Each structure stands twice: as C-alpha cells, then as structure tokens.
Amino acid sequence: MTTPLERGLAFVGRAAAVLVLLAMLAPFVYAVWMSFAPGEILEPPTDRWSLRWYREFLGSARWTAALRTTAEVAAVSAVVSLLGGLGVALAVARYHFRGRAMLSAAVLLPMFVPAVVLGMGLLPLVRGVGLWGTTLSIAAAHSLVSLPVVFLLLRSALEAVDPDLERAARGLGAGPMTAFRRVTLPLISPSILAGMVIAVVLSVNEFTLALFLGSPRLRTLPAALWPEARDKETPLLAAASCLSVLVTLVSLGIAARVLRRDEVHKSA
C-alpha cells in the first residue's frame, strides 16, 4: 500500500515528465505552425494557412537536390558505419588480443571530439585525395560520427549471444562464415537494423562536417539551410525543417519498434 508521500512523489514525477516533454516538443510544434504561413515573414499564421512553402520546397531543383544529397550521404554513411562497427564489435566481443581495450577506446573517440575539430582535421585530407565536395567524403565523415553508436549497439548484441551456439553449429559441420550467417546474424539483426537507423538519423541532422566537406554544388539539407537562416528568414526554413524532422521521427520510430521487438524476443 502506497503512502501519501509516495503518491505525492509519483505525481510530482509525472508532472515533471510532462513538462519536460512539452518543453522538448514546443520548438517543433512552433516550427510546424510557422511552416503554414502564407506570407514572406517567418511568423505563425493566425487567420489564413497555406501549403505554399512546402510546394516551393518540393518544386525547387535546389532544395530537392539538397534533399537527394542528404539521402545519398545518409545511406552510404549507414552502410560504412555498419560494416566498420560490426567488424570492430566482432573483434572486441569474440577475440582477446593485445590492444583490445585501446581499439575500443579509439572507436569511441569521435564521440568526444567536437565536430569542428573533426571537420578541420578531415578537410586537408579529403582535399589531398581529391574527394572534397563529394558524397563519399561527407558520408565517410558522417560514418565517423555514427561508428561509436553502431559499435556499442553491436558489441552489446554480440556479447548477449552465447558463443556455444556457433560452436555447436560448427560441430555439426558448418564453416565459420556459415555458422555466423545462419546462427549469430539473425540473433543480432534487430541491433543491426537499429544501428543503421540511428546512423541515418545522425547523418540527416549533421551540419558542421557537411559544411566543411561539402561544396557550393553539393550540400546536404542542413548545410544548404544555413545561408538561408543567416541571410533571410522565410517560412521556407520552417517547412524544410519540418520535412527533415519528419524523416528523423520516422527513423526513430522504426528504431524504437525494432528495439522493443528485440527486448520482447529476449524476454520470451
């Protein structure tokens, strides 16, 4: 039986959670509101609403090219971070070797380095190899950002899989690759999918590295929005931001659903 003090604390906790949620959603709700403004001024509409800025965004070759570049960079970044994260996670989770702890720390290092520092360090490198202003250079930089998250997800998933399952498969005649593909890979597939979705979300919203490594002819959507936000404020910014956030929310929803299914599967 709960005491009045416990009920009071529970009420305060729920109220605080609701307030935090409202504070987090308020900027997005306000941006959605402003995106329906019919005029040129970036302010929320009151008497008349319009889809004008969504039509202008989707009808502009410049903005759709930025959106296409964002999608291409995010796809390549997700694949690269998945391959790198899975390889390092396998090495760290399954093998014991000298420098194992150092390798884990090195993979996590980009999480603690400011994006500006990463961008400044990568810029001479990509210029030197002739990749500046290409999809590949931006995607490689974005994969550095998402690699630690993918690595942590996959290492946790691999450590939760009993290695004896693969040994049993190999005892029945399966080769190492077949045992991994038929036994381990299906068990960690939810984490793989979640890692790819998170890598896509991080890439879609990354701004600093895209600004350093992109060119005037090749910009992701956040980098293309920056001059507009600096020089002029129109509801087009709100419409573009809403479309970008919509992609992020859908991706996060997929990741949350996959992780939930993984938890249910493990608890069954």
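**Salt bridges**

I began with the charged side chains and found that the structure, which is a predicted model, holds 4 salt bridges. I looked up Glu40 and saw that it forms a salt bridge with Arg52, with the closest N and O atoms 2.5 Å apart. Since Glu40 lies in the loop between α1 and α2 and Arg52 in helix α2, the pair ties together parts that are 12 residues apart in sequence. I noted that Glu40 counts as partly exposed at 49% relative accessibility, and that Arg52 is also partly exposed, with a relative accessible area of 23%.

I then followed Arg52 to Glu56, where the two side chains meet in a salt bridge at 3.4 Å, N to O; both residues lie in helix α2, 4 residues apart, about one turn of the helix.

Glu166 is buried, with a relative accessible area of 13%, whereas Arg94 counts as partly exposed at 21%, and I kept in mind that the cut-off for buried is under 20%.

**Around Ala37**

I turned to Ala37, which lies in the loop between α1 and α2 and is buried, with a relative accessible area of 2%. Leaving aside neighbours within four places in sequence, I found Ala37 in contact with Glu43, Pro45, Ser50, Trp53 and Pro235. From Ala37 to Arg52 I noted 8.0 Å in space, C-alpha to C-alpha, for residues 15 apart in sequence.

**Aromatic rings**

I counted 5 aromatic pairs. Trp49 is exposed, with a relative accessible area of 52%. The rings of Phe36 and Tyr54 have centres 5.5 Å apart and planes at 40 degrees, so this pair is tilted too; it links Phe36 in the loop between α1 and α2 to Tyr54 in helix α2, 18 residues apart. Tyr54 counts as buried at 14% relative accessibility, and I logged Phe36, Trp49 and Tyr54 as one aromatic cluster.

Key
Residues numbered from 1 in each chain as written. Predicted model: local features only at pLDDT ≥ 70, side-chain atom pairs only at ≥ 80, totals over all residues. Heavy atoms only, no water. Phe/Tyr/Trp six-rings, centres within 6.5 Å; stacked < 30°, edge-to-face > 60°. Buried < 20%, exposed > 50% of the residue type's maximum accessible area, 1.4 Å probe, protein only. Helix = DSSP H or I, 4+ residues; strand = E, 2+ residues; numbered from the N terminus. Contact = heavy atoms within 4.5 Å.
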